Amino acid sequence: MHALRQPITAVVIVFWFFFWLLNGLDKFFARQDIVFLHWWGNHRVEKFTMYFDRLALDPAFVQATLIFAGVVEFAAAGFFVWAGLRLVQGKPGVAYRTDLAITVSIAVFLGFTIFDVIVGDRAELLEHSTYIGVLLVSFLAVAAESFFHHLRDLDSQSTLNTQFPPKTQ
């Protein structure tokens, strides 16, 4: 299995996929009964109604805003699915696609932090800023694993290193 050759990247992909998937689902199912499960989640309708009151916006747009945020989070999860499929299939470009998924995630969190500053929610600002830091650590972990994976390939007897070391005359 190719995912076992890059376990750090696999963990990063799986973690952030489930993070975005479950966070997106929370926008739709918070405080609802779903089949045999009660989804507790964060009561975002209440929070966003308070935010919209602060901004003097019509609370009728709260649900549309949450749906938009959920769809954006599903899109972020999709980028990790794209990277994960490459990893499982053993195709090249896993690190690039994971980096792209991490970049998209940072962009989403930057949007959230801007909103947090506008509505004055410092607790959410701290939380979202922390996630940006964790994403940067995830990026460094994937980059380090990719670098050492490449060095291991150069050291092996693969066709990749036919010019390395260069022939001396």
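## Overall layout

The protein chain holds five helices and two strands. Read from the N terminus, its elements follow the order α-β-β-α-α-α-α. The model is a predicted one.

Of the 169 residues in the protein chain, 33% are buried. Taking contacts between residues at least 6 apart in sequence, 58% join residues that are at least 24 apart.

## Helix 1 against helix 4

Two packed helices are described by the angle between their axes and by the distance between those axes. Helix 1 spans residues 7–29 and helix 4 spans residues 94–119; they pack at an angle of about 35°, and their axes lie 11 Å apart. The crossing of helix 1 and helix 4 is left-handed.

On the helix 1 side, the contact is formed by Thr9, Val12, Ile13, Trp16, Phe19 and Trp20. On the helix 4 side, the residues are Val94, Thr98, Ile102, Ser105, Val108, Phe109 and Phe112. By type, the residues of this contact comprise ten nonpolar, three polar and no charged.

## The largest nonpolar core

The largest nonpolar core has 22 residues. Those touching the most other members are Ile13, Trp16, Trp20, Phe80, Ile102, Phe109 and Leu135. Two or more residues come from each of helix 1, helix 3 (62–89), helix 4 and helix 5 (122–155). Helix 4 contributes eight residues to this core, the most of any element.

Which residues does Trp20 touch, not counting those up to four places away in sequence? They are Glu73, Ala76, Ala77, Phe80, Ser105, Val108, Phe109 and Phe112. Trp20 belongs to the part of helix 1 that contacts helix 4, and Trp20 is also one of the core residues that touch the most other members.

Another core lies apart from the largest one and has six residues, including Phe48, Phe52, Val62 and Leu66.

Helix 2 covers residues 44–54, and its buried residues include Arg44, Phe48, Tyr51 and Phe52. These four lie on the same side of helix 2 because they cover an arc of only 95° around its axis. Glu46 and Asp53 are exposed, and they sit on the face of helix 2 turned away from its buried side. Just after helix 2 comes Ala56, which takes a positive phi of about 55°.

Terms used:
Residues numbered from 1 in each chain as written. Predicted model: local features only at pLDDT ≥ 70, side-chain atom pairs only at ≥ 80, totals over all residues. Heavy atoms only, no water. Axes fitted to C-alpha atoms, helices over the stretch in contact; angles between N-to-C directions. Left-handed = near helix turned anticlockwise from the far one by under 90°. Contact = heavy atoms within 4.5 Å. Nonpolar A, V, L, I, M, F, W, Y, C, P; charged D, E, K, R; others polar. Core = buried A, V, L, I, M, F, W, Y, C linked by side-chain atoms within 4.5 Å. Buried < 20%, exposed > 50% of the residue type's maximum accessible area, 1.4 Å probe, protein only. Arc of directions from axis to C-beta.
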